[in-house]
Amino acid sequence: MANWCVRAVRQSYSVVTSPLLMRSSPRLLCTATQQKNGPRSEEEAEKPDQNTAEKAALEEKSQLETQLKDMTEKYKRIHSFCKDLLEVADILEKATESVPKEEVTNQNPHLKNLYDGLVMTEVQIQKVFNKHGLVRLNPEGQKFDPYEHEALFHAPVEGKGSGTVAVVTKVGYKLHGRTLRPALVGVAK
């Protein structure tokens with residue numbers, strides 16, 4: 001029995017008051033309802049179901065588009081946050097490199113403690129980066145890759161093959177396999 005007929009039976013239940021009709025088959029009730037409302041084809045009977053399915057699909061599509069928009073926005077914010085943290089990591093690295101190693105002794109305990117603190121902070125920030133999929137790229141001696149490196153200059157360098165990264169002026173980073181910041185490099189001719 002078609003779905004519309006069952007709905008019609010439910011709707012016409014209040015119209016049908018005869019106990020004899022109440023005990024009769026649903027087919028008779030459907031026939032009575034068809035006579036009352038006019039005949040309907042099978043295609044017309046299936047249209048409400050199709051419309052319901054279409055509405056559900058459109059609603060699901062709308063929800064998925066909203067989720068995609070939200071995830072894209074979150075990714076952009078995370079991406080921006082990571083780039084900002086990279087600057088902090090660069091400053092820590094420059095700070096530790098600027099301290100003369102011969103000055104870091106027990107005879108100069110304040111400088112030694114400061115230096116040790118900077119090194120521990122730098123190590124910890126790199127651990128946190130790795131934990132969250134942010135990987136450091138130091139390509140010195142590797143083949144130049146335009147997807148991971150940005151060439152600042154080309155120069156002849158003894159002992160290095162052509163197209164090899166000779167100097168790294170700023171390390172690069174990848175976030176979950178995608179280049180977040182290319183390494184700034186000098187390439188051997």
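Lys170 and Glu87 pair up in a salt bridge, with their closest N and O atoms 3.9 Å apart. (A salt bridge here is a side-chain nitrogen of Lys or Arg within 4 Å of a carboxyl oxygen of Asp or Glu.) The two sit in distant parts of the chain, 83 residues apart: Lys170 in strand S3 (residues 165-170) and Glu87 in helix H4 (residues 42-98). Keep in mind that this is a predicted model, where local features need pLDDT of at least 70, side-chain atom pairs count only at pLDDT 80 or more, and totals for chains, interfaces and linings use all residues. Residues are numbered from 1 along each chain as its sequence is written, and side-chain values use heavy atoms, leaving out hydrogens and water.

**Salt bridges**
- The count comes to eight salt bridges.
- Glu87 and Lys170 also belong to a network of salt bridges with Asp90 and Arg181.
- Lys170 counts as partly exposed because its relative accessibility is 28%; the labels are buried for under 20% relative accessible area, exposed for over 50%, and partly exposed in between (1.4 Å probe, protein chains only).
- Arg136 and Glu93 meet in a salt bridge at 3.0 Å, N to O.
- That pair joins distant parts too, with Arg136 in strand S1 (residues 134-137) and Glu93 in helix H4, 43 residues apart.
- Glu93 is buried at 16% relative accessibility, while Arg136 is partly exposed at 27%.

**Helix H5**
- H5 (residues 109-131) has 23 residues and spans 33 Å from first C-alpha to last, close to the 33 Å expected at 1.5 Å a residue. (Helices, H or I with at least four residues, and strands, E with at least two, are DSSP runs numbered from the N terminus; the expected span is 1.5 Å times one less than the number of residues.)
- Inside H5, Lys112 and Asp116 lie four residues apart, about one turn of the helix, and their side chains form a salt bridge (3.1 Å, N to O).
- An α-helix has 3.6 residues a turn, so residues three or four places apart point the same way.
- Tyr115, Glu122, Ile125, Gln126 and Phe129 are the buried residues listed for H5.
- After H5 comes Gly133, with a positive phi near 85 degrees.

**The aromatic pair**
- The structure holds one aromatic pair (ring centres of Phe, Tyr or Trp, its six-membered ring, within 6.5 Å; planes under 30 degrees apart are stacked, over 60 edge-to-face, the rest tilted).
- Phe129 and Tyr173 make this edge-to-face pair, 5.8 Å centre to centre with 85 degrees between the planes.
- Phe129 is in helix H5 and Tyr173 in strand S4 (residues 172-175), so the pair ties together parts 44 residues apart in sequence.
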